[in-house]
Amino acid sequence: MPFKLIRATTLALAVIASPAIAYAQANEQAVDEMAGYLDFVEYGGGVIFAEQIPREDWPRFHVIDARDAGQFAKDHIPGAVNLEWRRVLAERDSIPRDKPVLIYCNTGSLSAQAGFALRVAGYENVRILQGGFEEWKAKGGFDAASKAAGQGKH
């Protein structure tokens, strides 16, 4: 009888411990993936400034507004699609791998997190708009590159 009790207890503990072990293994794998990414990411982590994108280059980008739907509805970069930053991995099948992806939020911090997640998930074509939507507007929007070069519209 004690053998059966020991065996049952052991099986019960194994069943209870299995999710914890699986979680720990998955967590370790995620940490390894992120560490590998950090070993090879270029300085700046894929950040791009508005003034680095000439007006004629904007259509090349798949632009993602990573803010919430309410902010997007109030104002956004024309042509952008709204995909809240927390949803980028869940919706990654809608994000192209064959063209540059530009992600922005209000200031760049949340879009940086979304971009990091996508890069760890294997997306190499992701850029973060430094300073976000607010800085993009302040620098002249689509004309930021020409304004920075002293060729702004008069």
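## A pair of strands to start from

Strands β2 and β3 pair in the parallel sense, joined by two bridges. Across this pairing, Asp 65 stands opposite Asn 82 in β3. Two strands count as paired if DSSP finds at least two bridges between them. Helices (H or I, at least four residues) and strands (E, at least two) are DSSP runs, numbered from the N terminus.

A word on what you are looking at: this is a predicted model, in which local features need pLDDT of at least 70 and side-chain atom pairs count only at pLDDT 80 or more, while totals for chains, interfaces and linings use all residues. Residues are numbered from 1 along each chain as its sequence is written, and side-chain values use heavy atoms, with hydrogens and water left out.

## The whole chain

The protein chain has five helices and five strands. Following the sequence, their pattern is α-β-β-α-β-β-α-β-α-α. Of the 154 residues in the chain, 31% count as buried; here buried means under 20% relative accessible area, exposed over 50%, and partly exposed in between (1.4 Å probe, protein chains only).

The chain exposes about 9800 Å², and carbon and sulfur atoms supply 58% of that area. Such areas come from the Shrake-Rupley method with a 1.4 Å probe; for residues, only the protein chains shown count as cover. Among contacts (heavy atoms within 4.5 Å) between residues at least 6 apart in sequence, 68% join residues at least 24 apart.

## The sheet and a helix across it

The five strands form an open sheet in the order β1-β5-β4-β2-β3, with parallel pairing. Its edge strands are β1 (47–48) and β3 (81–82), each of which pairs on one side only. Strand β2 (residues 62–65) runs parallel to β4 (residues 101–104), and four bridges join the two.

Helix α3 (residues 109–120) lies across β4 and β5 (126–129), running at about 170° to β5. For that angle, axes are lines fitted to C-alpha atoms, for helices over the stretch in contact, and angles run from 0 to 180 degrees between N-to-C directions.

In soluble globular proteins, nonpolar side chains tend to be buried together. A nonpolar core is a set of buried Ala, Val, Leu, Ile, Met, Phe, Trp, Tyr and Cys residues joined through side-chain atoms within 4.5 Å. The largest one here has 16 residues, of which Trp 58, Val 63, Ile 77, Leu 102, Tyr 104, Leu 129 and Trp 136 touch the most other members. Both β4 and α4 (132–138) each supply at least two residues of this core. A second, separate core of 13 residues includes Leu 83, Ile 95, Val 101 and Ala 114.

Which residues does Leu 102 contact, leaving aside its neighbours within four places in sequence? They are Ile 48, Ile 53, Trp 58, Phe 61, His 62, Val 63, Ile 64, Arg 127, Ile 128 and Leu 129.

## A proline in a loop

Pro 96 is found in the loop between β3 and β4. Is Pro 96 buried or exposed? Pro 96 is buried, with a relative accessible area of 18%. Leaving aside neighbours within four places in sequence, Pro 96 is in contact with His 62, Val 101, Tyr 123 and Asn 125. The C-alpha atoms of Pro 96 and Phe 61 are separated by 9.9 Å, and the two residues are 35 apart along the chain.

## Salt bridges

The whole structure holds six salt bridges, each a side-chain nitrogen of Lys or Arg within 4 Å of a carboxyl oxygen of Asp or Glu. One of them joins Asp 143 to Arg 55, with the closest N and O atoms 2.9 Å apart. Asp 143 sits in the loop between α4 and α5 (144–148) and Arg 55 in the loop between β1 and β2, so this pair ties together parts that are 88 residues apart in sequence. Asp 143 counts as buried at 14% relative accessibility, whereas Arg 55 is partly exposed at 43%.

Lys 137 and Glu 134 also form a salt bridge, their closest N and O atoms being 3.9 Å apart. Both lie in helix α4, three residues apart, about one turn of the helix. The side chains of Glu 135 and Lys 139 meet in a salt bridge too (2.8 Å, N to O). Salt bridges that share partners join Glu 51, Glu 135 and Lys 139 into one network.
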